[in-house]
Amino acid sequence: MPPEPPPPAPLGLLAELTHRCPLRCPYCSNPLSLARASSELSADEWGRVFEEAAALGVLQLHLSGGEPAARRDLAAIVAHAARAGLYSNLITSGVTLDAARLESLVRAGLDHVQLSVQDAEADSADRIGGLAGAHARKLEFAALVTASGLPLTLNAVVHRQNLERLPALIDLALRLGAGRLEVAHVQYHGWALRNRDALLPSRAQLDAATATVAAARESLRGRLVIDYVTPDYHARRPKACMGGWGRAVLVVTPAGRALPCHAAEGLPGFDFPDVRAMPLRRIWTESAAFRRFRGTGWMPEPCRGCDRRERDWGGCRCQAHALTGDAAATDPACALSPHHALLDLAVREAMAAPDDAAFRYREMRAR
């Protein structure tokens, strides 16, 4: 097997500034084992990472968490991003940010805000997020963002218990002045896997949502851009998770671990490099963790002989591990996988649960 060519430069850096968060979402994408505040990279350490990212070729920086506003030095971190020449996008719940803090972020050089919403109706949104009054605070913050002149993206994580209000979520994005709406179905690993039976939509719900998005894209062309991320549990072929392992996105955790995707820290048998100990360029090009599933040389059959292997890059390693216990297995989302029946079984189990099944909330302990 010839050696894999050097990887292209990553397009984006996802900087997870903290795992602290006031919400308790049942589909939280943070790992099951959370980083303590005492282990978080300092603002200056993040500044060095941003400089290295810019030198590597990264263009877009996504400041995420947890809730990044839990960092009191968030404005200083944004200023480091601006000095590095990176386009900065703040991914936030918006519930702890007021006009004064937003103004400080604008002055520091913030370029864009991505605001999460749990539903279009306040009662349901607050129940899903596990925080009373959160939805109203989000709407107030959205108004502050548009008044500041910053572009706004609305991020709606959708699932069985809010999909019927997808048209209302699209209307909400228009009403709030968002230029982009990301409709993202829950991806079932980490904490979301524990709530799969309460969250997984039926095939009929998924098809209806897909039709709603297609119609809205057509009718709102030029007014609202709609991104759409589907779940794999009703799929016949996997999607290219994160653009392929170690190919498009680089993630740095609050404690400084570099990952090829935000969920990879939960995979066993990896020694993910630390940005405090290794330069970002070496991490991206040389580290064993990033090279392990990059390209096609690692693939088992039927992936290795598939004509889609350089389109889906083998699908999701975290999903393969969650469902089969083997991160190197063919993604069960593929109909050719020997484990594809596991998805059918999961769907049947989820459909047997009530539509309003109770959530197991993500509880944040004092850190």
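In this predicted model, Leu166, Pro167 and Ile170 of helix α6 meet Ala209, Thr212, Val213 and Ala216 of helix α9. Sorted by class, this contact of α6 with α9 has 6 nonpolar residues, 1 polar residue and no charged residues.

**Helices α6 and α9**
- Helix α6 covers residues 166-176 and helix α9 covers residues 203-219, and the two pack at an angle of about 30 degrees with their axes 10 Å apart.
- Because angles under 35 degrees count as roughly parallel, α6 and α9 are roughly parallel to each other.
- The crossing in which α6 passes α9 is right-handed.

**Helices α2 and α3**
- Helix α2 (residues 74-84) packs with helix α3 (residues 99-108) at an angle of about 20 degrees, and their axes lie 8 Å apart.
- The helices α2 and α3 are therefore roughly parallel to each other, and α2 passes α3 in a right-handed crossing.
- On the α2 side the contact is made by Leu74, Ala75, Val78, Ala79 and Ala82, while α3 contributes Arg101, Ser104, Leu105 and Ala108.
- By class, the contact of α2 with α3 has 7 nonpolar residues, 1 polar residue and 1 charged residue.

**Nonpolar cores**
- The largest nonpolar core has 64 residues, and those with the most contacts inside it are Leu13, Trp46, Phe50, Leu63 and Leu154.
- Leaving aside residues up to four places away in sequence, Trp46 touches Ala15, Glu16, Leu17, Leu41, Arg71, Ile77, Val252 and Thr253.
- A second, separate core has 22 residues, including Ala134, Tyr188, Tyr233 and Val347.

How values were computed. Residues numbered from 1 in each chain as written. Predicted model: local features only at pLDDT ≥ 70, side-chain atom pairs only at ≥ 80, totals over all residues. Heavy atoms only, no water. Axes fitted to C-alpha atoms, helices over the stretch in contact; angles between N-to-C directions. Helix = DSSP H or I, 4+ residues; strand = E, 2+ residues; numbered from the N terminus. Parallel < 35°, antiparallel > 145°, perpendicular 65-115°, else oblique. Left-handed = near helix turned anticlockwise from the far one by under 90°. Contact = heavy atoms within 4.5 Å. Nonpolar A, V, L, I, M, F, W, Y, C, P; charged D, E, K, R; others polar. Core = buried A, V, L, I, M, F, W, Y, C linked by side-chain atoms within 4.5 Å. Buried < 20%, exposed > 50% of the residue type's maximum accessible area, 1.4 Å probe, protein only.
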